[in-house]
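Hi,

Here is the structure I promised to pass on to you. Have a look at it first, and my notes follow below.

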Amino acid sequence: MNRFSPQLRDLSWLVARPIAHRGLHDKSRGCEENCASAFTCAMAGNYAIECDVQLTSDGEAVVFHDATLDRLIPHTGRVRDMTATELQHLDFRIGNERMQTLGELLDQVAGRVPLVIELKTIWDQSVNLALRAVKVLEPYAGPYGLMSYDPDLIAAVAERSPATVRGIVADRIVHHDYQRLPLDRRLELRHFEHLPRTRPQFISFDFHDLPFAPVQVARAAGFPVITFTIKNALQAQTARRWSDQITFEGFSA
């Protein structure tokens, strides 16, 4: 029996299979995160795919996690300060890869497995990344959802494309990185006070911070909860007590 509330039953695809975090990547095999080879491996394993997108200086959505390049690419600078063409001419430190646009990722996956796409934020109140992602995804026929830590981005998705499946990425808001945000914004995030404007259909939550009352209330009401980032079977066992599916890396889920 589908345990989701009636209005959410069409989201069963979201939790039907484990979700490969940034694709099924493995540096030892030259398979870098958020790259075409990692997505190919995830599809071969019949896993759903989680990935990240950033906005370029010319308004394109590219598949990359970090705000800066240097962890994965032997080049300094911020993704948002370069054009998509410039970024695609940079080699990764491992493997034979180049950065994909969101459109290229969609062409590669072509609906074969679900996509869970995180809109990365720099907390600047800009919603341009959300608007670009919605536009690129408009003709895509496969199952997908957009999610973000940033309520402004998800609220923009809800307003511009209310039929698009959307989720909030969250934790208990205790990491030191949150100190750069005003107190009222941190409280909004911790207590899910943004829900009237974001109207998410699912929650992606840090499993280390579970159980957490607002998340368990939402799950009891029939909202899917996925957890991140699960790195071994023991963590998976714990996460599945409090959620409906796991986002994993580094082991076979």
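Helices (H or I, at least four residues) and strands (E, at least two) are DSSP runs, numbered from the N terminus. This is a predicted model, so please keep in mind that local features need pLDDT of at least 70 and side-chain atom pairs count only at pLDDT 80 or more, while totals for chains, interfaces and linings use all residues. Residues are numbered from 1 along each chain as its sequence is written, and side-chain values use heavy atoms, with hydrogens and water left out.

Let me start with the backbone. Asn46 is found in the loop between H1 and E2, and has a positive phi of about 60° although it is not a glycine. With 3% relative accessibility, Asn34 counts as buried. There is a cis peptide bond too, from Leu210 to Pro211, with omega near 0°. Pro211 belongs to the loop between strand E7 (202–206) and helix H8 (213–220).

Next, helix H4, which spans residues 128–137: Leu129, Ala130, Ala133, Val134, Val136 and Leu137 are buried there. Down the axis of H4, the buried residues fall within an arc of 165° (taken from the directions from the helix axis to the C-beta atoms), so they line one face of the helix. Their cover includes strand E2 (48–55), helix H3 (102–109) and helix H5 (151–160), where contact means heavy atoms within 4.5 Å.

Finally, the aromatic rings. How many aromatic pairs does a search of the whole structure find? There are 5, where rings of Phe, Tyr and Trp (its six-membered ring) pair if their centres lie within 6.5 Å; planes under 30 degrees apart count as stacked, over 60 as edge-to-face and the rest as tilted. Phe64 and Phe92 form a tilted pair, with ring centres 6.1 Å apart and planes at 55°. This pair links distant parts of the chain, 28 residues apart. Phe64 is buried at 1% relative accessibility, and Phe92 is buried at 5%. Phe205 and Phe212 make a stacked pair, 5.6 Å centre to centre with 15° between the planes, and both are buried. Ring pairs also join Tyr47, Phe248 and Phe251 into a cluster.

Definitions and conventions:
Buried < 20%, exposed > 50% of the residue type's maximum accessible area, 1.4 Å probe, protein only.
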